[in-house]
Amino acid sequence: KNQVEQSPQSLIILEGKNCTLQCNYTVSPFSNLRWYKQDTGRGPVSLTIMTFSENTKSNGRYTATLDADTKQSSLHITASQLSDSASYICVVSAYSGGYNKLIFGAGTRLAVHP
Amino acid sequence: KAGVTQTPRYLIKTRGQQVTLSCSPISGHRSVSWYQQTPGQGLQFLFEYFSETQRNKGNFPGRFSGRQFSNSRSEMNVSTLELGDSALYLCASRYGNEIGDTIYFGEGSWLTVV
């Protein structure tokens, strides 16, 4: 069964600190992996997308890594800011039936405190 | 270019009523998908339309339906509303189905059923 599991469920850090969010997946056949940021009450916004051959992708202070062998991804946030408080969603695509089917993780809720 | 537009942004309905939500994708995008997000829950996939055809459907009852028009605009309808249908309904658009397609989400429609 295709699944995406994220950890931790929630996380509190102090402003300026770094943090790492985890995503483990059992999705086959794997197509790509995306990280999204969702502010409360808003739609998710794309941070990164990685295909099988990519093992790291950066977007400003956000760096995503992908280990296709262990089926794990992480999102590292550097020098956190209050505006980083949001839910971070890992989404894995499985190529099936001629198109990419998306499997969503439940998200990690990050709170950055001053 | 304009993003994904969802209307209405907020609405309140009574149990037993029906509701129609609208989504205008980014110009040129042919795929529109719908998701339900309840407080504290991850995104639950409802259905996806591509060039006016439903090509994937989630595990929701038949009260949830949708359609896509020739201009790619999409509507979703929920009949016989229940209290548990209260949620944020998100629409997402993408150009097609290429690996690496960026998926853009709208801001969502907040539905409250009383």
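## Sheets and interface

Q: What is the strand order of the open sheet of four strands in chain B?
A: The order is S1-S3-S8-S7 in chain B, and the pairing is antiparallel. This is a predicted model.

Q: How do strands of a sheet pair?
A: They pair through backbone hydrogen bonds, and the pairing is either parallel or antiparallel.

Q: Which are the edge strands of the chain B sheet?
A: They are strand S1 (5–7) and strand S7 (64–68) of chain B. Each of them pairs on one side only. From one strand to the next, the twist averages 15°.

Q: How many bridges join S1(B) to strand S3 of chain B?
A: Three bridges join S1(B) to strand S3, residues 19–24 of chain B. The two strands run antiparallel. For a case to look up, take B:Gln6: its bridge partner in S3(B) is B:Cys23.

Q: What is the strand order of the open sheet of five strands in chain A?
A: Read it as S1-S3-S8-S7-S6 in chain A, with antiparallel pairing.

Q: Why is one side of strand S1 and of strand S6 of chain A left without a neighbour in the sheet?
A: Strand S1 (3–7) and strand S6 (56–59) of chain A stand at the edges and have a single partner strand each, so one side of each has no neighbour in the sheet. Direction ignored, neighbouring strands of this sheet are turned by 15° against each other on average.

Q: Which strand is joined to S6(A) by four bridges?
A: That is strand S7, residues 62–67 of chain A, and the two run antiparallel. A:Thr56 has A:Thr65 in S7(A) as its bridge partner.

Q: How is the size of an interface often given?
A: It is often given as the accessible area lost when the parts come together. Here, chain B and chain A bury about 1700 Å² between them. Carbon and sulfur atoms carry 51% of that area. The contact takes 22 residues from chain B and 21 residues from chain A.

Q: Which residues form a salt bridge between the chains?
A: A:Arg42 pairs with B:Glu107, and their closest N and O atoms are 2.7 Å apart.

Q: Which element gives the most to the side of chain B that touches chain A?
A: S9(B) does, with three residues. The elements giving two or more residues are strand S4 (31–37), strand S6 (53–57) and strand S9 (87–94) of chain B. By type, the residues of this side divide into eight nonpolar, seven polar and seven charged.

Terms used
Residues numbered from 1 in each chain as written. Chains lettered and ligands numbered in written order. Predicted model: local features only at pLDDT ≥ 70, side-chain atom pairs only at ≥ 80, totals over all residues. Heavy atoms only, no water. Contact = heavy atoms within 4.5 Å. Buried area = accessible area lost by both parts, 1.4 Å probe. Salt bridge = Lys/Arg side-chain N within 4 Å of Asp/Glu carboxyl O. Nonpolar A, V, L, I, M, F, W, Y, C, P; charged D, E, K, R; others polar. Pairing = 2+ DSSP bridges. Axes fitted to C-alpha atoms, helices over the stretch in contact; angles between N-to-C directions.
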